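This report covers selected local features of one protein model. Please keep the sequence and the structure side by side while reading.

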Amino acid sequence: MPPKERCDSCKTLSRKAWYFNMKKLISILLAAVTALSFTACGGNSGGSSTSGNTTPDGQPVEPSGQIVVGRVTDITGSNLFTTAWGNGAADKDVRDLINGYETTVYTKRGLYEMNPTAVVSMDTTDNGDGSKTFTFTLQSDLKFSDGSDITAKDYVFSVLLQNSPVFATVDGADTNKNPELVGFDEFNAGETNSFAGVRLLGDYQFSLTVKSERLPYFYENYLVQVIPYPMAILAPSATITDSEEGATIENLTAEELAVTIGDPNTGYRYNPSVSAGPYQFVSFDRSSKQAVVEVNPYFKGNYEGQKPSIQKIILKSVTTANQRDELASGSVDLLTNVSGGTEIEAGLSLVDEGKVGYVSYDRAGYGRIAFSCDFGPTQFVKVRQAIAHLIDGPEFAKQFTGGYGKVVKGMYGVGQWMYQQTADEIERTLDDYEYDVQKAIELLEEDGWTKNAQGGEYTSGTRYKEVDGELMALEINWANTTPNPVTDLLNTVLPSAFEQAGIKLNATTMEFNVLLQNLQRQGITEPQYHMYNLATGFEPVFDPWYTYNLEDQYMGVYNQNYLKDEELFQLATDLRETDQSDTEGYAQKWVAFQQRWNELLPDIPLYSDVYHDFYSTKLRGYGGVDSFWNWTQQILYCWIGRE
């Protein structure tokens, strides 16, 4: 990954900014000292190879103790298997803790590389038709958390299951597909039970073949990242055989998957009882939204061979209002991704008192207002642009982040290397959409919102526009959640500005899982809401090809804006088809994508903060967290010490 060239964090000229700078400097110095001492004892924060869980002096130790992790985003408990039913951040934390032995992994070097703990070798073959075959030879001693052997069949099953049309029958699961693999189209359509690009070559060997039209690809090794799933648990009646036509699965039935995966009490979607990661799932309480995981005794380690030293992790829901008190009282040991000036200052006050430690890092993501771009007033670009002019972005970011963040203008976070490499061009060429009610009115008038409810000339109240021979009201239904400081802040600025511009705002507060159901239109036949306040955290792979894909199958879980724009999709396609060695070319294509996105404005970016993680003094070894190496990865390098 290219070096970080620039990071412009918006800071107020106040005690807060000075305090933050001094804190960050001290944090960097302490982290450097910690890294040096940690390296010496053989258990650093991801930088050098280790061999299992060790004490600070390098001695092996059995896992012990527990920590409680507080999350302001609720665990829904319905996405603990894959992203097939959404990708809420808290559910993802559980998945990241219980999944493991990926064929390729994101490493602290900022690359996707072969996972040597799971894979002996990854051989590649360039085929005559332009496709490329990756052949994996697995380690022969891998086991699931119940002690059963993991073989190549479990990896092949993982691919066949998630790409099968039968899987889509389980409550409408429709993601985690591999359209880049040869034979996907026929297999996914149900035309054949054989997946040509997937081969089961032996007990510990299998291969995947990537289509020629999907190459080159900037994140090539990511395309062949596979997590093993226990076939014996998920599809006990199914069988897999192999031939020149590819791997073939038989007796994979919707009836069986409805029980093994879809049952709301025992199904793997809600109760992933057998897994391959550092931790194993224990329980989830729907009423308290609390999940528990414990060490998987059969886990060999991550890509460096690192095993967890903390026996149990409890993930619980907290609110922004009570998280500081929970940390101070010891009912929570770790708060991650803390944002907002008030919340950060509250945490730093505990640091001053010597009660907690912290790390800070630029966020690889942003807070946003997301638009539905396929119906109602927000289907029109100029309406979305007008709404952007009704929000004072810099003031909102300052109020919300308290100086620990900045305004962004596109689909990016300040922690991404692409922004840091091209910041000058991004800042110069993208529209700021400065707060300007008159400009918003001009855009609405240009777009035809010049009528009243009777079809006459607009003078006051709510604007109307003639659409397909009928009058459409400029009425925006807004879905939000509470308690939520973003909702609170938007509620202080949106109503008055909307009224001045002739827009009627209807705000509806709901639980986050209900908001997601409406956003993704799960079970929703007639969409109601035109905009949502949300936040997005980016993975190391930035591939908006799915996010703005034009096909109906990607709408909802992936294309949450329901935006169909040929030019934007082509720019996303150009971006992904960059050779993985051409980082400069990728960065420039990324700028072109951001410029078009900034014009279409499917979201209004509100802020990209400097995240803070606050942790109890009993939690040791936490210093290696950054934008892409999060707490679920770093926790393997941590241990419980005396407070």
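Buried means under 20% relative accessible area. The model is predicted. By that cut-off, four of the five residues of strand β14 are buried. The strand spans residues 334-338 and is mostly covered.

Which strands pair with β14? Strand β1, residues 64-71, is joined to β14 by two bridges. β1 and β14 run parallel. Within this pairing, G70 has L335 of β14 as its bridge partner. Strand β23, residues 603-616, is joined to β14 by three bridges. Here the two strands run antiparallel. V338 has its bridge partner in β23, namely H612.

## L563: a loop residue

L563 sits in the loop between β22 (531-537) and α16 (566-576). Is L563 buried or exposed? Its relative accessibility is 7%, so L563 counts as buried.

What does L563 touch, leaving aside neighbours within four places in sequence? The contacts are C373, R384, Y548, N549, M555, L568, L600 and P602. For a distance across the model, take A364. L563 and A364 are 199 residues apart in sequence. Their C-alpha atoms are 23 Å apart in space.

P216 is placed in the loop between β8 (205-210) and α5 (220-223).

P483 is placed in the loop between β20 (475-480) and α14 (485-501).

D468 has a phi near 55 degrees, a positive value in a residue other than glycine. Where is D468 found? D468 lies in the loop between β18 (464-467) and β19 (470-473). At 78% relative accessibility, D468 is over the 50% cut-off and therefore counts as exposed.

R521 also has a positive phi without being glycine, near 60 degrees. R521 lies in the loop between α15 (512-520) and β22. Why does R521 count as buried? Its relative accessible area is 17%, and buried means under 20%.

Key. Residues are numbered from 1 along each chain as its sequence is written. This is a predicted model: local features need pLDDT of at least 70, side-chain atom pairs count only at pLDDT 80 or more; totals for chains, interfaces and linings use all residues. Side-chain values use heavy atoms; hydrogens and water are left out. Buried means under 20% relative accessible area, exposed over 50%, partly exposed in between (1.4 Å probe, protein chains only). Two strands pair if DSSP finds at least two bridges between them. Contact means heavy atoms within 4.5 Å.
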